[in-house]
Amino acid sequence: DCSSRGACLNGTCVCDYGFGGADCGVLDEDWFCANNCTTGYGVFVNSSGSCLCSDPSSVLGGLCPWNCSGHGACSNGTCACDSGFAGVGCNLLSAAGGPGGDCLNNCTGNGACLNGTCVCDL
């Protein structure tokens, strides 16, 4: 059932952002903190299951939100996203360069992106 954190495709779990593992049951702590800290940066505290948030600009050179999600280059606290990715932390999939805008996970393939909002397939 992919732990209610993903979709099963041909017997394999395709996990939502922030989760991994064969059954999507493993939390990506960096992603969790980036999405639960208003600054986009924090350190996961395993004992409490929460994040210790901090200001990325306080770190020498500045850090980028979500470390550019692995889909861009960080320069002085600003992400330059790779082609196909967008957002301050390169955490959004672009709608293939079309006029639809950017939608999180490109609507997970279950809809169309219209002005940055997913319109789900019926």
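The legends below describe close-up views of the cysteines and of one surface patch in a predicted model. Residues are numbered from 1 along each chain as its sequence is written, and side-chain values use heavy atoms, with hydrogens and water left out. Because the model is predicted, local features need pLDDT of at least 70 and side-chain atom pairs count only at pLDDT 80 or more, whereas totals for chains, interfaces and linings use all residues.

**View 1. The disulfide of C2 and C13.** A search of the whole structure finds three disulfides, a disulfide being a pair of cysteine sulfur atoms within 2.5 Å. In the pair shown here, the sulfur atoms of C2 and C13 are 2.1 Å apart, and the torsion about their S-S bond is about -95 degrees, so the disulfide is left-handed. C2 lies in the segment before strand 1 (6-9) and C13 in strand 2 (residues 12-15), so the pair ties together parts that are 11 residues apart in sequence; helices (H or I, at least four residues) and strands (E, at least two) are DSSP runs, numbered from the N terminus. C2 has 2% relative accessibility and therefore counts as buried, where buried means under 20% relative accessible area, exposed over 50%, and partly exposed in between (1.4 Å probe, protein chains only).

View 2. With a relative accessible area of 52%, C8 is exposed.

**View 3. The disulfide of C15 and C24.** The sulfur atoms of C15 and C24 are 2.2 Å apart and form a disulfide, which is left-handed because the torsion about the S-S bond is about -95 degrees. C15 counts as partly exposed at 26% relative accessibility, whereas C24 is buried, with a relative accessible area of 0%.

**View 4. The disulfide of C33 and C51.** C33 is joined to C51 by a disulfide with an S to S distance of 2.2 Å. This pair links distant parts of the chain, with C33 in helix 1 (residues 29-36) and C51 in strand 6 (residues 50-53), 18 residues apart. The link of C33 and C51 is left-handed, with -95 degrees about the S-S bond, and both cysteines are buried.

**View 5. A nonpolar patch on the surface.** V43, V45 and L52 together present about 250 Å² of accessible area in a nonpolar surface patch. V45 lies in strand 5 (residues 42-45) and, at 30% relative accessibility, counts as partly exposed. Patches are made of residues with over 30% relative accessible area and no salt bridge, like charges being joined within 9 Å and nonpolar side chains (Val, Leu, Ile, Met, Phe, Trp, Tyr) within 5 Å; a salt bridge is a side-chain nitrogen of Lys or Arg within 4 Å of a carboxyl oxygen of Asp or Glu. Accessible areas come from the Shrake-Rupley method with a 1.4 Å probe, and for residues only the protein chains shown count as cover.
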